[in-house]
Structures are given as C-alpha cells and as structure tokens.
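Please keep the sequence and the model open while reading.

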Number of protein chains: 2
Amino acid sequence: MKVFSVFGITQSGKTTTIENIIKELKKRRYSVGSVKEIHYEEFAIDDEGSNTSRHKRAGAELVTARGYYETDILFPRRLSVEEILKFYQHDYVVLEGVTDSNVPKIITAHNIEEIEERLDRTVFAISGRVSNEINEYKGIPIISSITDIEKLVDLIEEKVFEKLPQFLEECCSSCGYSCNELTEKIIRGEAKREDCSISQSNIKLTINDNDIPMVPFVQNILYNSVIGVVKELQGYQKDHKIIVKIGE
Amino acid sequence: MKVFSVFGITQSGKTTTIENIIKELKKRRYSVGSVKEIHYEEFAIDDEGSNTSRHKRAGAELVTARGYYETDILFPRRLSVEEILKFYQHDYVVLEGVTDSNVPKIITAHNIEEIEERLDRTVFAISGRVSNEINEYKGIPIISSITDIEKLVDLIEEKVFEKLPQFLEECCSSCGYSCNELTEKIIRGEAKREDCSISQSNIKLTINDNDIPMVPFVQNILYNSVIGVVKELQGYQKDHKIIVKIGE
C-alpha cells in the first residue's frame, strides 16, 4: 500500500488538489482510500442528540452506524495513523493534513513563505495556489492539480512507495537508519525501498515460547504450508499478520 | 464477545432501553460497544460539501475523519454484521434495530400486537413502553429499563452468551444444528454454548488480531500442514505449544 500526505494552510487548495489526485488515480485504475485530518477541537461527525451520539454518551466505547449505503465506525478517541491504516487495503491512500507520518508529502501553499515554513526532506512536490506563479522551488517541482493533473500523478507514481513500517529506532535499525531517515533517503533517491530489511524475513516460529530459528529454505516451506491453507479462508488478506496457535 | 440485539418499532423505547442497558453494563465494569442500524435510505453521516464527502465523490473507496477526540472510518457500502463485529473487542456489543443476526434479542414494543409481529425463538426479553402494562408474554419476561434496569441486565448476564460463528449449514453443522438453530436452543435452555464444536479445537488462527473461525475439516488441514513441517525441526516435542507468526 502506497501512502502519501497533502498538507498546507487553509484555502491553499488542499482539498481541491486531493480531489483531482483521487480522480486521476481512479482513472488509472488504482483503488484509493483517504484520511482527512480535522483541525478543530469541537469536531463530532454525528449530531448531538442522534442515536449514535446517545449510545456514546451512555458509555459505548465503539459505535457503528449502518445505513443502506454506508457503514460508519466511530471511535471515540484519536487513533494513530498506523492504527487507521490497518483498515485500508488500497493501492494508494491519500492523507489530508497529516504531518506526523513518515510518508512522502506534497505541500499546498499560496506563496513561497508558506512553502518555506513547511518544507522538509519528505516533500517531493508542491501544489495549490502557488502553482499559478512559479514551477519550482529549491529543486522541488510545483505543479497545478487543475491544469497539470497528469504530470502531478506521474510524479506520485514515480515517488510514492510501499509504506515503510514505523518502528522505534531502538527496536529496528537493521537497514542502518530509522524508518523516518530511510523514508527521506528513498524520496531523495539515496536509498531504495528494498533496503528495509523487515520486508525480507516474514515468518517466525516458537515452540513452548522458544524461538526456533529457521534457514530461509525451511521458512519458505512453513510459510507456503500455512498460507496455502489460510488464503482459502474468509478473512484472509494479503500482507495481513497471521498467527496460528496449536496446543494452547 | 457477547452480542445481543434490541429491536422494535419507532418510538417504542428502543434507544432509551439501550442507553439504560449500556449505562448499567458499564456500571458493572464491562466494556461495551454498540451498532445502530439506520432505516432511511438518505442516511449520510457527513454533510454534503464536507471534505470527507468531497473525497468520497472524487472516488475514495474508504475515508477516515480524524479529529482531536474521535476517529471515524467511513465505508461507502453496507457491511454485514459479521464484518462490523471484527472491529470490536468488547465484553458486550448491543445492536440497535438489527434483526438479521443470530444473536439473542430483546423486543421493544407499545403493545402485544407489536410483540406478536416480531416474536421468534431468539427473543429472551421484552421492554419499552409495553412494560408499563404487563410483565410477561408467552413465558417471556417484560421488564422496564426505566424502573427495573438491574433486573433487565441480570437477565442479559444470564441469557446472552459468547457469539456463535455464522456458518452456512452446508459448511458446518458438526454440533448437529445450524448456527441459527443452536442460538435458539441455547436461549431456550435446550443446548449449551459449549455444544459448538468450533470452540473446542486445539488450533487457533488470527489474521490481523481477528479470530478466524474454522470448521473442523479446515482445522485439521491447517493443523496437519503446520505439524507436518514443524515436527522435522530440532526443538519439536509432541504436545508442546506451537506458535507461527507471519508478517509481524
């Protein structure tokens, strides 16, 4: 799953940019999901006095509204981006206004000052109102989503990669970097997505809580044996975490 | 996870009954979630023109709104109750207005006619406005959630059991019944929750932390596939606890 974020000040063209990107990605036959960060304290999606709101007030810790054409799962707390992305299995996920995630980013801005305030090493493109005036800033292309959407989405296809995990540096830096550093290096062309070592060994075995090391050959046999069965079951999704427990 | 449904005609006291049940369950230190079935075609939780609505119109297939104090995952389609319940890990989940799920049910009603129209073998209690007039119908207790909430929740604790899986009869009837029939028999006291053979087995499978129920036939295939490989490895002992993790 490829994830990127579009962020910038209000009225800089953020939602318009995202609408155009989503439409163009869909035109190219990708599946697309999105996440909208909402920056005002009072935000509640359901109306005060609605039945879902009454369930919450009574103490329900998770409330779902199921209609004929939509189903809304309402968590009464702020989830991390990593938690949210567990619900997604799309080719691309666009984050709107999310800045605290280690993904490639597009800034939308009115002018150079706004770009300068937000620019960091994860930014690979600039869009929004400023694109009417200039077409590059510090080597980063500035592209209008209104007049040049194909060029912008070409760049997304080129630059955005399968999301890296988000491990603490203390838990994993086996590629030589933190996940954030590797993200920046891939965007700058100084490293590759394949440099993330986590993606390489994918299966673990314990017997009575002891880790059993397996050579890659045996890993593959066990992996194929389990996946061979599990992928036929309802609930299976590629790349989901699978746990089989025997004799507990 | 124990799941039950409260259903009945509009204004029969459904939401009030659920509010009182949730409050009492929380008072008894249970974790509680809820699902609200919405019975009008035009339902959309977000306003026309809102940013999440613009993402949907542009083609996003899953949209999340993340605020400071809530996170709302918006599926632009009707999910089945089984799909919805995968998001829940609570002691109790209360369904409001859901009739197509094999769980114990409470009817809310104004009068006996409304009860009669809805009564089936999954109903273990009646509440709502009719509870001001009578206190039993065909052996089923009628209890007010306003004046007698403790008695109503005592009955919920007694009658509602860990949700059964929802297999088609052709896939599993190894207990001798369909899942719906076993649900009815447990509610009527003619069978026990433990009669479901799925829960007895020696092998468990989770995908992304969700338990995946398997019919005995599939349990055996997965068990034999894993043991077939693992028993050749150093460290294997018969009857030891084995855990295989993929993609963590």
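Chain A is split into domain 1 (2-159) and domain 2 (201-248), with bounds that come from an automatic or database domain assignment. This is a predicted model, in which local features need pLDDT of at least 70, side-chain atom pairs count only at pLDDT 80 or more, and totals for chains, interfaces and linings use all residues. Residues are numbered from 1 along each chain as its sequence is written, chains are lettered from A and ligands numbered from 1 in the order in which they are written, and side-chain values use heavy atoms, with hydrogens and water left out.

**Chain A overall**
- The centres of domain 1 and domain 2 of chain A, taken over C-alpha atoms, are 35 Å apart.
- Chain A has seven helices and twelve strands; these are DSSP runs (helices H or I, at least four residues; strands E, at least two), numbered from the N terminus.
- Along the principal axes, the C-alpha atoms of chain A fill a box of roughly 65 × 55 × 35 Å.
- Of its 248 residues, 51% count as buried (under 20% relative accessible area, with a 1.4 Å probe and protein chains only).
- Among contacts (heavy atoms within 4.5 Å) in chain A with a separation of 6 or more, 55% are between residues 24 or more positions apart.

**Helix H2 of chain A**
- Thr52(A), Ser53(A), His55(A) and Ala58(A) are buried in helix H2 (residues 51-58) of chain A.

**H1 of chain A against H2 of chain B**
- Helix H1 (residues 14-27) of chain A packs on helix H2 (residues 51-58) of chain B at about 20 degrees, with the axes 8 Å apart; axes are lines fitted to C-alpha atoms over the stretch in contact, and angles run from 0 to 180 degrees between N-to-C directions.
- H1(A) is therefore roughly parallel to H2(B) (an angle under 35 degrees).
- Residues of H1(A) in this contact include Ile18(A) and Ile22(A), which meet a set in H2(B) that includes Arg54(B) and His55(B).

**H1 and H5 of chain B**
- The axes of H1(B) and helix H5 (residues 149-159) of chain B come within 10 Å and cross at roughly 75 degrees.
- The two helices, H1(B) and H5(B), are therefore roughly perpendicular (65 to 115 degrees).

Terms used: Angles under 35 degrees count as roughly parallel, over 145 as roughly antiparallel, 65 to 115 as roughly perpendicular and the rest as oblique. Buried means under 20% relative accessible area, exposed over 50%, partly exposed in between (1.4 Å probe, protein chains only).
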